[in-house]
Amino acid sequence: MTDRQPVLEFQGVTKRFGPLTANDAISLSLHEGEILALLGENGAGKTTLMNILFGHYRADEGTVLVDGKELPPGSTQAAIQAGIGMVHQHFTLAENLTVLENITLGTESLFAWRQNQKAARAKLSAMIEDYGLVVDPDALVSSLSVGERQRVEILKALYRNARILILDEPTAVLTPQESENLFATLKAITQKGLAIIFISHKLHEILAISSRICVLRRGAIVGTIETAGARREQLAELMVGKAVSRPKLSALDKGGPVLEISGLTTPGTGATALKNVDLTLHAHEIVGIAGVAGNGQSTLADLLSGLTGQFDGGVRLNGKPLPAGNPRSVVAVGVGRIPEDRHARGIVGDMEIWENLISEDLRSPDVSSSGIVINGHKARQRAEQQIEEFDVRCNGPEAETKLLSGGNMQKLILARALSRFPSFILANQPVRGLDEGAIAYVQNRLLEARQRGAAILLISEDLDELMSLTDRIAVMFHGQLSTARPTGQQTISEIGLMMAGQSQTASMEGQSLDH
Amino acid sequence: MSDLFDILLTAGFWAATIRIVSPLIFGTLGELICERAGVLNLGIEGIMTVGAMSGWMWVYQGGDLWGGVLFAALMGSIFGLLHAIFTVHLGLSQHVTGIGITLFASALSYFVYRMLLPDATTPPKIVPFQAIEVPWLSELPLIGEAVFSQTAMTYLALLTVPVVWYVLFRTPLGLAVRMSGENPVAVEAQGINVLAVRTGAVMVGSAFMAVGGAFITMSWFDAFYFGMVNGRGWICVALVIFASWNPGRALIGALLFAGLEALQVRAQQSAGAFIPYQFFLMLPYVMSILAMIVMAKRTKYPQALLVPFRRGERV
Amino acid sequence: MIIERRESVSVWRAGLAPFWAVLASMVLCAFLINWAGASIPQAYGLLVKGAFGSSFAINETLTRSIPLILTGLAVSVAFRAKFYNIGGEGQLYAGALAATYFGTGLITMPSGLMIPFLVLMGALAGGALLLVPVLLKTHFKVDEVVTTLLLNFVVLLVVSYLIEGPWKDPMSLGWPQAASIIDEGVLPTLMAKGRLHFGLIIALILSVLIWLMMKYSVFGYEIRAVGLNANAAEFAGIKVNRTVIMTAMISGGLAGIAGVSETAGLKGYLTLDLSPGFGYTGIAVAMLAQLNPLAVIPSAIFLSAVYVGSDAMSRAVNIPTYIADVLVGVSVLAVLCSVMFSQYRVRWLR
């Protein structure tokens, strides 16, 4: 430890939510020019800690010091004035307003008679120049790419003269190459004397960028390590508590074709419209789709889920055309669906668990009489079996669904989707936001389905997940899907370049430019 | 058809249009301010009734006219505060709260009116705002009589449009209001209290609505009747959508409606023999629905409209 | 101040919420009574007596609860699907128009057929009126609150036109009212004395049917799922737009039946003061019942008692009758609040 005064110091910060202790006596310090990585699983307490720093929550115990002075709790204003800037995982930008408006909000007295746009523009231009964060001040945020939006977020913090910058999972939405650019920017920023806290659960990133790593587990700090001497395995074990190995594929001969997509094109011209997509999935096979969000994955997922039915080209399941545009029929012909957003689409939180378990086959004789009256007895019985089989931890089938943890909610969705032994499974970001235990559970279930002969389409932004869990990977960019190639024959870097829209040959040049 | 053109060329028609447009301007701008901050205020109908009653009553009890306007604004902002406590601070349904406010505010206005004037069989009258002829300008042909021979409250209404536009689009406060209606989390992240901004916007907007109501009893008519707001508040809500949340377009929309209403009064006189008057009275309501159909799909709603913001709630 | 969700909500806490709301409303109105110079216990005593003090009073209270049960049901069904139908007033008059059109001599059937026929026609008329806002919502994304509200004014003007013009009863001595419903169409009274009519039976049966539908049927499940999370409902294969449209038809139909019941049961003919805002009061009925179709019955009887009782009270101690409307308005707000506090708690932080 150095004897310089830390710019930021947490002293014994504790935060409880009811019976849950989200932060348990956390003490840590941050120095000028340093990038401190905060590593931990989902739910380890990273975000809670930052919310306390930023005044969104108040700590139950402990204090936060900036430059040795106590930060008044519960005040975002005070945090900003002390020089703390935060780049949230979910951007806090107003899409219908311009970049300049988003950045200048709150920088002038609210009761000034006019905005000093000229001065603001000049200051912003200078900063764009200084840090190389290129973005058009007058563009509407809705017209910006994800990478550009992140730049706006960073500029927003810097514009307010932040000296401590906090980035919460900043690479979750970026391609590997965009992440590299971000890292370069961050290093340039620290050279100007700023300190950075970098929150992530991706080990390789943290090893690449940070100078020190602080590992959180279940709300408590379990280790602080200098990055120079850190090993990946050591960090993984610290983070999870025990050596958890995620499941891996076993060799398996693929079967006949299950899902055949040919020449699939959807209306429109934007990045999310599908353009001549070809893909064939076989039994006993998991095919991954990589890509930055917003490149047509959702369009494909909606179509295969039966939500939309407007397209040209062919989609055949087991040799028959998919009954597109009708979720119930799609489910009936053997499609199991895991939606991208559990809360928004997967479940109705205010309904009971058994009610959520019957939502996809309401009119089947299993749960209702002649499709008119629900047979509550039968439905509850079936729900009990499924709860048992899929290990959903709850107070029985009549518990409220919204009270389930993320992992148990996902198990409920798995139970609904997999109980009917679908021949094709659409898994859209199936482990996003889950803890390690739940991730392993979900992935094992998918592998079991593969074993049994299902074809699985795995859409994910996490390349590590795709590399370890799929037989083949295809990349989606601007609505076009590359040929699915065997996973072992591609590197993360190659896939990353394709995610950024560079073709195979260009990818070689791109790589040489990077280094 | 030529009758129609004759009407359009009379100064009386235009003067009536400008008079009728005034409460619509206040009401529409008030609703617009609330919605720009992310809060739908369906209390508008009741708040306009409160303004109409309280402003009038102030004057009837011996107060002066501008005092009555201020009193109406104050009363409106109190009901706005109530709406804000429910929708902004407690995060309750904006639809149901607004309807509840309308029911409560209208009923309370009538109750208070009856309490203070238990025996009035014909509604008593006050001396309302008188027309002020603007020197020189009022002598212009047509426009002079139409625009520059109105009451002070009408001038105030017309002046309010650029002022609201300026505050919303050219001041830091306006930016904070608009941002609260687009992304409240972003506002909070910049150290501005979203709840305070929204509460303030709803209170100011409600004060505008109440002044719109007061115009009806203090500058247009001179007495308070039951049911005299008569759906004008709902028309203002439709006008805000028609105007895409833009004060300038709100003025244009309001003028169209006021023109239509002035026209129907005159058309009733000439065509009343053939077409029953009820169909003329229906026009503003039907037009409001049509206006919403035309604009609803095209326009960009404030993205956080109807979305409550709860600080520190765990998702 | 932080508002937190309670981990669990006991049945007691949830069930008591409307009673707190009623209590709060009565406390607030007590201030108004006090202002009017009357003694609060005396005034409320008169109110209870006016509503329940004699068999005649009870008869009146129940009679007045009929349209409130029906409009309350209309609101509770629609709000379950998050379809904010504030047009109960207009749909009620639409039902009354249908009853008048078919029931004043156009068709004559024996009573056993005529009454169900009029009820059906009224329901269809109410549903048809609501078809406009619901299609505008599902196909053009036009907010239904404003359109249903505006249509109330339009329908009233249509009624005004018809009863002053083509449908005006020549026997009415110049009063704007339509011809009387023919005898076969008139709902029979339930007691020898008083105005209580068969509409009550219809309203009670419909309450039970709607409750069964919401609780046990696939369609009821679909309505609830659409209201609670339309995206998840759509993902699961529920046709959201179709469900909302059908819900609206049921809602409009129920309000339309209220119009039939008032025309063919109570008044006997259509006038402009057929409904003193039953459509709007229905919102308060449904909110106090927490959208539960069975709870709509006591809720409607309670608010009906407030209206009937406050008439008696205001005659006796000189309080404006608008006190009843104030109480209805406050109870909508108070029940929103009390239901919320049964689910959330407030923690004060220094």
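Trainee: In strand S7(A), which residue is the bridge partner of Met86(A)?

Mentor: The model is a predicted one. Met86(A) belongs to strand S6 of chain A, residues 84–87, and S6(A) pairs with S7(A), residues 164–168, in the parallel sense over 4 bridges. Within S7(A), the bridge partner of Met86(A) is Ile166(A).

Trainee: Which residue of S6(A) points the same way as Met86(A), and are the residues of this strand buried or exposed?

Mentor: In a regular strand, side chains alternate between the two faces of the sheet. In S6(A), Gly85(A) and Val87(A) point one way, and Met86(A) points the other way together with Ile84(A); all are buried. The residue asked for is Ile84(A), and the state is buried.

Trainee: Why is one side of S6 and of S10 in chain A left without a neighbour in the sheet?

Mentor: The open sheet has 6 strands with mixed pairing, in the order S6-S7-S8-S3-S9-S10 of chain A. S6 and S10 (220–226) therefore each have a single partner strand, since both stand at the edges.

Trainee: At about what angle to S8(A) does helix H6 of chain A run?

Mentor: Helix H1 of chain A, residues 46–53, lies across S3, S6, S7, S8 and S9, and runs at about 145° to S7(A). Helix H6, residues 176–191, lies across S3, S7 and S8 of chain A. Its angle to S8(A) is about 150°.

How values were computed: Residues are numbered from 1 along each chain as its sequence is written. Chains are lettered from A and ligands numbered from 1 in the order in which they are written. This is a predicted model: local features need pLDDT of at least 70, side-chain atom pairs count only at pLDDT 80 or more; totals for chains, interfaces and linings use all residues. A residue is buried if 20 or more other C-beta atoms lie within 10 Å of its own, exposed if 12 or fewer, and partly exposed in between; C-beta atoms are placed from the backbone. Helices (H or I, at least four residues) and strands (E, at least two) are DSSP runs, numbered from the N terminus. Two strands pair if DSSP finds at least two bridges between them. Two residues are in contact if their C-beta atoms, placed from the backbone, lie within 7 Å. Axes are lines fitted to C-alpha atoms, for helices over the stretch in contact, and angles run from 0 to 180 degrees between N-to-C directions.
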